[in-house]
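Subject: Structure handover

Hello,

Here is the structure we discussed.

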Amino acid sequence: MSSTPDMAFAPNVQEIVRSNPSQIPENFLIIRNEEEGKSNNTADTCHLSSEIPIVDLSLLSRGHKEELNKLDQACKEWGFFQVVNHGVATEVLQEMKDATAKFFELPLEEKNKIRMPSDDFQGYGQAYAASQGQTLDWSDALFLNVYPSHHRKLKFWPTSPEGFKVAIEAYSSGVKRVGDELLRSLSLTLGMEKDALLKLHQEMVQVLRVNYYPTCHMPDKVLGLSPHSDTGTITILMQEDNVTGLQIRKEGEWVPVKPIPNALVVNVGDVIEILSNGKYKSIEHRAVTTETKARISYASFLLPHLDAEVEPFDHIVEALGTRRYKKVKYGDYLGNSLKGKLKGKAHIETAKIGS
């Protein structure tokens, strides 16, 4: 995965809260406007929240027709679903959560041993720069390139707490299996051979981003993660069981995604939107903070090889009668997205014909 352009990095949010819990630096304050959607406290959003699809991976892996139809509908209507019976052991999930919590409790000097440098995206810190004049997200993150293994930069892998590397390896291996199975099922729902998407990806890239969202005494004044869609193929996310912070944009509303214990959350990325010629759409999402509880989330981004060419499948274009997206080289598409903070679904507009 390509490196980010040189940039100055933002202050550490966890340290801001630790030193002065009532302080919110100006560059974190959001300006709310109509474009951001309505409040998430309405009866509509509660109803929509309960409608978020749940897919059983054990049934998908056996080619269960009804479950494949459910996956197809989830991708068409939501771009988003929760996965149960995914086969990643509960102990593996819990060990990842326990080790990560210990990492973020370490002193800043210890975490800064793997500080993200200005010319790379891997390591610990904040992904985007204060100098770009953008509103900053109320979160810190740990980014690691996990697969293929030879892309790893082990100097950015945490050596403390003990066992964290092993936990990351076990968790990421489990997520990779889930991702492969989901891509096989998506190949079928898109009318292709089971391994079509895996073959197109050449060498699947998997990047881990662990987000730490500190508490905020005025949570409506900041965003843990600004609204965006993911530029990859699919994203597989583990949430905390007892704190809701993830929201998806549906029918103009921000809908909270309530955690299901031990489930994994999956969202369609821009690559699937392009390949499916817009049949499946990447979902805009964001993260909010709370006043009382810090939150950690674990996002695994599954991406094509940087040299892979991504364009709508011919049979889908023929069925629709029109081609909506250009051919893009994935490395270029990803590289351009890393030049600045993602805003909503603005980046995929660059791949649309006529843009």
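Pro161 sits in the loop between S4 and H7. The peptide bond that joins Ser160 to Pro161 is cis, with omega about 0°. Pro148 lies in the loop between S4 and H7 too. The bond from Tyr147 to Pro148 is cis, with omega near -5°. Helices (H or I, at least four residues) and strands (E, at least two) are DSSP runs, numbered from the N terminus.

This is a predicted model: local features need pLDDT of at least 70, side-chain atom pairs count only at pLDDT 80 or more, and totals for chains, interfaces and linings use all residues. Residues are numbered from 1 along each chain as its sequence is written, and side-chain values use heavy atoms, with hydrogens and water left out.

Two backbone angles are worth a look. Most residues other than glycine have a negative phi, and most peptide bonds are trans. Glu251 is not a glycine, yet has a positive phi of about 55°. Glu251 is in the loop between strand S8 (246–250) and strand S9 (253–256). At 62% relative accessibility, Glu251 is exposed. The cut-offs: buried is under 20% relative accessible area, exposed is over 50%, and partly exposed is in between (1.4 Å probe, protein chains only). Asn262, also not a glycine, has a positive phi of about 70°. Asn262 belongs to the loop between S9 and S10 and is partly exposed, at 31%.

Now the sheet. Eight strands form an open, mixed sheet in the order S1-S2-S10-S7-S12-S5-S4-S3. Strands count as paired if DSSP finds at least two bridges between them. S1 (54–56) and S3 (123–125) are at the edges with a single partner strand each, so one side of each has no neighbour in the sheet. The twist averages 25° from one strand to the next. For angles, axes are lines fitted to C-alpha atoms, for helices over the stretch in contact, and values run from 0 to 180 degrees between N-to-C directions.

Helix H4 (residues 65–77) packs on the sheet and touches S1, S2 (80–84) and S10 (264–268). The direction of H4 makes about 145° with that of S1. Contact means heavy atoms within 4.5 Å.

Pairing at the S3 end is antiparallel. Three bridges link S3 with S4 (residues 140–147) in that sense, and Gly125 has Ala141 as its bridge partner. S4 pairs with S5 over seven bridges, also antiparallel; here Ala141 stands opposite Asn211. S5 and S12 (residues 295–303) run antiparallel, joined by nine bridges. Val207 is bridged to Phe301 of S12.

How many residues of S5 (residues 205–213) are buried? Nine of nine. Val205, Val207, Arg209, Asn211 and Tyr213 point one way, and Gln206, Leu208, Val210 and Tyr212 the other.

Helices H5 (residues 90–105) and H7 (residues 164–189) have axes that come within 9 Å and cross at roughly 140°. That makes H5 oblique to H7. Angles under 35 degrees count as roughly parallel, over 145 as roughly antiparallel, 65 to 115 as roughly perpendicular, and the rest as oblique. The contact residues include Met96 and Phe103 of H5 and Phe164 and Tyr171 of H7.

Last, the cysteines. Zero disulfides turn up in the whole structure, the criterion being a pair of cysteine sulfur atoms within 2.5 Å. Cys75 is buried at 1%, and Cys216 is buried at 2%.

Best wishes
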